[in-house]
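Please look at the model below with the following walk-through in hand. It takes the contacts between chains before the elements inside them.

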Amino acid sequence: MAQELTVVGKAVAGIDATERVTGRAAYTADIQLPRALYAKMLRCPHPHARVKAIDVSKAQALPGVKAVLTPRDIPSAPLAPAHGSRRALTDYVTLAGEAVAAVAAVTPEIAAEALKLIQVDYETLPFVIDAEEALKPTAPQLEKEGNLIGGRPKIFTRGDVEKGFAEADKIVEANYTTPLGTGNPLEPRAVTAQWSQGRLTLWLASQGPFLAQQELAKYLGLPENRIRVISTYVGGGFGHKYSLHPEDVVTALLARKAGQPVKFQMTRAEDMYLGHVRGAASFHVKAGAKRDGAITALSVRRIVNQGAHGASAADGGIQSTGLYNVPNLRVETLQVRTNTPDYGPVRGVMDPGENFAVESAIDELAEAIEMNPLVLRIKNIHKGGDPLDGGVTLSSSGLDECIRTGADRIGWGRRKPTGAQTGAKKIGVGMAVTTRTGGSDTATAIVKVNADGSVNLFCGATDIGTGSRTTLAQIAAEELGVRYEDISITTSDTETTPYSRGSWGSGVILAAGKAVQLAAADARRKLIQAAAQPLQVKPEDLVVANGAIFAKELPEKKITVGQAAARAGYTVIGSGTAHQTNRPTVARGFAAHFAEVEVDTDTGQIRVLRLIAAHDVGRAIHPKVVENQIEGGVIQGIALALTEELIFNRATGRLLNTNFVDFKVPTIKETPPIEVILVEPGDPLGAFGAKGSGETPIQAPAAAIANAVYNATGKRPRELPMTPRRILALL
Amino acid sequence: MEGFAYSQPGTLREAFSLLTNKKGKLVAGATDLLGEMQDGIVAPGLLVSLERISGLKTMREEKNVLRIGALATLAELESDKIIAEQYSLLAAAAREVATPQLRAQATVGGNLCQRPRCWYYRGDFNCLKKGGAVCYAQDGENQYHAILGGGPCHIVHPSDMAVGLMAMGASVRVVGPRGEKTVPLEKFYVLPQVDVKRETILGPGEILVEIRVPKPPPEARWVFRKVRERGAWDFALVSVAAYAVTKDKIIQEARIVLGGVAPIPWRAVRAEQAVKGKTLTGAVMRLAAEAAVTDARPLSRNEYKIRLTRNLVRQALATLA
Amino acid sequence: MDEKKSPFIISRRDFLKGGAIGTAALSSGLLLRSEVEAQSTLPGAKITRIALKINGAAQTLEIDNRWTLLYILRDQLGLTGAKQGCDGGQCGACTVLIEGKPHYACMVLGIAAQGREILTIEGLAKDDALHPVQLAFVEEMGYQCAFCTPGMILSAKALLDRNPKPSDTDIRQGLAGNLCRCAAYPKIIRSVMNAARRIAS
């Protein structure tokens with residue numbers, strides 16, 4: 001772009017703001033269809049059981065009940081890869097709460113009454129909750145190959161880790177643990193299904209309507225064009241609404257059986273134990289360095305509780321492999337099957353926990369070699385252009401600048417020596433850095449320019465609250481050369497928008513953002529072609545700006561975008577596809593977090609006094625959108641550090657705190673002063689230099705806070721969350 | 001939720017009859033009861049609302065006694081001018097309860113009579129309190145359970161108001177089919193060893209109608225402190241309300257009440273004895289703090305509450321010194 | 001079928017005849033459950049006729065005693081601005097104002113709301129003119145997924161009505177009953193400050 005940017009980088013009003021503040025934004029459960037029935041699921045209370053017999057006859061006979069389903073009534077195919085072996089309805093339960101039957105009735109009360117009338121005879125089986133317990137030969141074996149998924153640990157190596165430790169002057173080694181947690185969007189998962197002439201329309205609270213459509217088509221044996229999935233407004237994602245869920249297909253099948261629309265919304269408790277969770281994990285970290293600050297070896301052994309069906313979430317290990325240029329490295333991962341909720345996609349996945357472990361170890365290593373932890377980090381971090389594992393190259397990195405500007409802001413130089421303070425309340429400062437690969441996805445976008453100069457943008461990516469609808473409209477306006485107000489955007493409807501794999505993995509900006517830019521550029525080329533003839537100017541000498549097409553050298557020689565579109569057939573269509581998969585360069589977001597905390601040694605309470613979050617976001621298309629992502633992620637990260645933990649009753653294998661009071665998500669009172677620093681070096685892969693920033697914010701607060709607690713007290717927390725109970729035990 | 005009839009009697013006499021003859025369940029703000037009904041813990045066939053009975057909402061000071069109608073909401077109490085000026089401990093405790101939405105609806109009487117938040121009681125566990133054979137907290141996950149007065153059930157009483165009111169020396173007026181009585185708040189609560197199924201002395205048909213708080217003398221000082229894991233909508237890990245009347249630096253009268261540590265709001269009598277007649281020096285405060293937890297018997301995961309209680313009592317006394 | 005047999009549901013016809021509810025409800029795509037289905041009720045359900053004043057309009061309807069105000073608003077009246085996030089008084093997404101005070105609609109029995117004046121998010125903007133609190137949330141981007149936003153805005157309105165110049169602490173205390181899981185809290189605090197300035201000017 002030769003011109004200055006007019007829309008990108010500006011804090012325009014959200015394109016959907018009015019709907020959002022007036023209550024008119026219709027989320028899935030707000031869709032009201034005539035004759036819609038209410039669905040409810042009968043959930044098994046046991047963590048491991050076989051259904052010996054089930055009798056639904058009384059439920060079926062209850063007036064007002066329109067459909068009842070049991071496992072025999074539905075396809076036996078597995079649901080979707082993200083759910084492993086999980087069935088939509090099952091007669092073999094490995095997770096308390098799995099559904100064994102479902103009903104649809106004319107009122108919620110009748111549906112609830114019907115569930116009570118279903119008689120189930122269970123054979124209860126022994127169960128196991130802890131991953132380490134599950135690895136013992138005496139534990140109930142949940143897979144043919146045993147509870148260790150794949151039968152052996154996954155091992156990733158670089159160089160020779162034993163040689164690396166032999167070269168080190170100092171070695172630190174410790175174990176860190178992180179709890180079971182859940183993303184817990186405020187909108188529980190919800191679905192409304194309607195069949196008409198063999199076609200299914202599904203309003204679905206989904207981060208990926210296209211993935212859901214594909215999976216549903218496979219499951220039902222229908223072509224994709226007979227399934228329409230609409231996810232216009234989604235009340236938060238955090239991984240929870242990735243993929244197709246059991247309730248989605250059950251609701252669709254109930255609607256088919258009843259011949260009426262059916263709606264379903266998870267209860268809060270259901271959503272907390274049956275959505276994807278962040279599995280409990282332990283990290284055994286060993287790190288070695290020379291006195292000059294060269295990290296010579298890093299070894300991380302991860303034991304990950306994958307739950308009853310989860311399988312894929314433990315890949316990665318980028319906090320171990322991707323932050324520092326460590327020549328000798330070994331990451332060993334044990335993924336363990338248990339009778340607990342399914343480890344699946346969740347914001348940041350395992351990285352907040354792994355970052356807590358690795359960045360605590362780096363802090364400890366710095367102390368061991370008597371080096372400022374900030375200096376140790378700067379010496380070892382990856383730089384843009386660095387070769388990475390797998391033969392790819394890092395596209396860009398602003399981490400060095402993040403560290404330096406963040407340190408300056410918090411006053412790192414004034415940090416007090418560790419454990420030097422007297423008095424009950426002690427103040428400490430700590431830091432952590434983090435990274436994440438974003439956007440290895442595919443997306444297509446379509447831009448339609450109308451003869452009045454207005455523009456429709458069609459893009460499949462769901463705005464789950466990230467502001468992507470606004471950001472994508474800005475990219476289209478900027479690239480096309482029209483005003484932001486001229487753009488109208490339609491998203492996340494598999495029938496009216498082109499494919500976008502989904503809103504996750506810090507990927508929308510890189511995939512959909514780039515697709516929108518390409519589509520707008522395509523439309524711009526066509527408009528210029530159409531304008532060249534009437535203006536008698538060669539296409540290469542024309543530019544589009546502010547809704548007009550004019551000659552670079554003779555700006556008064558112009559026609560409007562609308563006039564050009566009219567000449568080209570009243571509609572100009574531009575399309576673009578971005579394949580951000582398997583590329584030789586990889587875009588990663590980076591962040592450096594600095595926390596100042598006060599530890600009350602009388603009560604064990606930790607108060608975050610300040611948190612500086614310096615983020616390399618490539619370029620912020622909309623500063624407030626990006627700040628919102630970072631601030632929200634930081635607060636969620638603080639909650640992982642201090643309060644959030646799903647707790648099991650070991651005697652029964654049931655969760656104890658599946659509500660918002662006992663599972664302590666942050667309130668507005670948990671908001672410390674957060675200072676966001678945007679570092680914008682630009683990235684070659686993304687639209688206008690942007691890269692993903694959705695997950696790095698949640699990854700670093702725990703480590704930064706833990707390191708600050710150590711600085712304050714001289715005691716190192718190695719277990720999350722850092723509740724008063726744990727802190728009092730530590731001190 | 002099961003279906004139920006709903007009645008709004010205009011007089012207490014009618015209410016007694018509905019409660020005793022029709023086995024009705026008393027309801028005020030309903031914030032606690034509705035939760036229990038939604039969770040299937042109770043399934044009353046009749047709700048008896050006190051909404052239309054006049055005189056149960058008034059708050060007034062009379063002959064050096066503050067009289068709070070049981071149906072006054074926590075929000076009303078929190079924003080009342082007299083309370084803010086003369087009985088600020090109560091406003092401080094009220095502010096710490098739940099959220100603005102619940103305080104606008106929940107009543108003072110309901111807060112004193114609320115059922116425990118124990119996750120076994122609220123969850124799908126047939127525990128002792130619900131007529132089962134086991135207290136799951138005994139050998140289970142008990143980090144939020146009692147260190148004092150527990151057994152055979154180990155709940156902690158959830159009320160912040162009770163802690164504050166007890167420290168102010170409040171009593172409650174209870175009326176029932178067989179007349180009325182006024183009892184000191186500390187005699188209003190029942191330990192599980194006495195009756196595991198209830199937390200108060202209220203019998204069938206009896207209604208808590210009023211709370212009476214004696215006006216504190218000008219020399220009185222007080223403090224309320226609640227430690228919890230989250231800044232709002234969270235119950236106390238430990239809370240303390242301390243009240244002391246001091247003359248010439250000597251403690252004449254002291255009440256130290258603990259929340260979050262026992263099945264009832266817990267008067268730390270040993271700690272009170274340790275400060276009475278003394279000047280609040282560092283040594284006296286440490287002794288009193290230790291005395292507050294002398295009788296503590298921790299479960300497997302709540303030993304931290306002992307240290308927390310000790311430190312909070314010491315901090316509270318330091319505020320009064 | 002005979003809709004007179006339906007004790008639960010005001011029929012669509014009665015509803016429109018009554019015509020009392022604000023236009024917001026009708027324009028929000030209101031579709032009541034059909035009369036055909038409405039007669040299927042459980043034996044033993046206790047029914048009561050109540051009157052409510054919603055967004056300035058009087059409203060009479062027959063309800064099952066078990067129905068919460070939230071269910072009545074969303075499923076009977078089509079006022080879906082109040083969201084169901086927990087159905088247990090823990091999240092604030094269903095916050096409405098009753099007599100000007102914020103309440104969790106999921107924790108209010110419809111029958112206990114008898115005779116009360118209720119304001120939902122649909123009644124806040126007058127015609128198409130947004131309320132200053134709404135304008136402030138737009139300007140500061142005081143939302144992310146916005147599922148909490150209707151409740152958050154109503155709590156903010158209630159706070160500003162009784163305290164037009166809230167401090168940072170007042171805002172945190174006043175909005176402590178509304179969870180925003182996206183944690184847009186820093187921008188929500190700015191939005192409330194912005195709204196206070198708008199209302200003052």
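In this predicted model, 52 residues of chain A are in contact with 50 residues of chain C, where contact means that the C-beta atoms of two residues, placed from the backbone, lie within 7 Å. On the side of chain A that touches chain C, α1 (17–22), α3 (108–117) and α16 (623–642) each supply at least two residues. The largest share, six residues, comes from α16(A). Helices (H or I, at least four residues) and strands (E, at least two) are DSSP runs, numbered from the N terminus. By class, this side of chain A has 22 nonpolar, 19 polar and 11 charged residues. Here Ala, Val, Leu, Ile, Met, Phe, Trp, Tyr, Cys and Pro count as nonpolar, Asp, Glu, Lys and Arg as charged, and the others, Gly among them, as polar.

Residues are numbered from 1 along each chain as its sequence is written, while chains are lettered from A and ligands numbered from 1 in the order in which they are written. As the model is predicted, local features need pLDDT of at least 70 and side-chain atom pairs count only at pLDDT 80 or more, whereas totals for chains, interfaces and linings use all residues.

Chain C also meets chain B: 24 residues of chain C are in contact with 20 residues of chain B. Strand β4 (residues 101–104) of chain C gives the most to the chain C side, with four residues. That side divides into nine nonpolar, 12 polar and three charged residues.

Within chain C, β4(C) runs antiparallel to β3(C), and four bridges join them; two strands pair if DSSP finds at least two bridges between them. C:Thr95 has C:Tyr104 of β4(C) as its bridge partner. Two residues lie between the strands of this hairpin, where C:Glu99 takes a positive phi near 50°. β3(C) also pairs with strand β5 (residues 117–119) of chain C, antiparallel and over two bridges, and there C:Ile98 stands opposite C:Ile118.

Which residues of β3(C) are buried on each side? C:Thr95 and C:Leu97 are buried on one side, C:Val96 and C:Ile98 on the other. A residue is buried if 20 or more other C-beta atoms lie within 10 Å of its own, exposed if 12 or fewer, and partly exposed in between, with C-beta atoms placed from the backbone.

In chain B, six of the eight residues of helix α2 (residues 31–38) are buried, among them B:Leu33, B:Leu34 and B:Met37. Their cover includes β2 (25–27), α6 (100–103) and α7 (108–112) of chain B. Just after α2(B), B:Gly40 takes a positive phi of about 70°.
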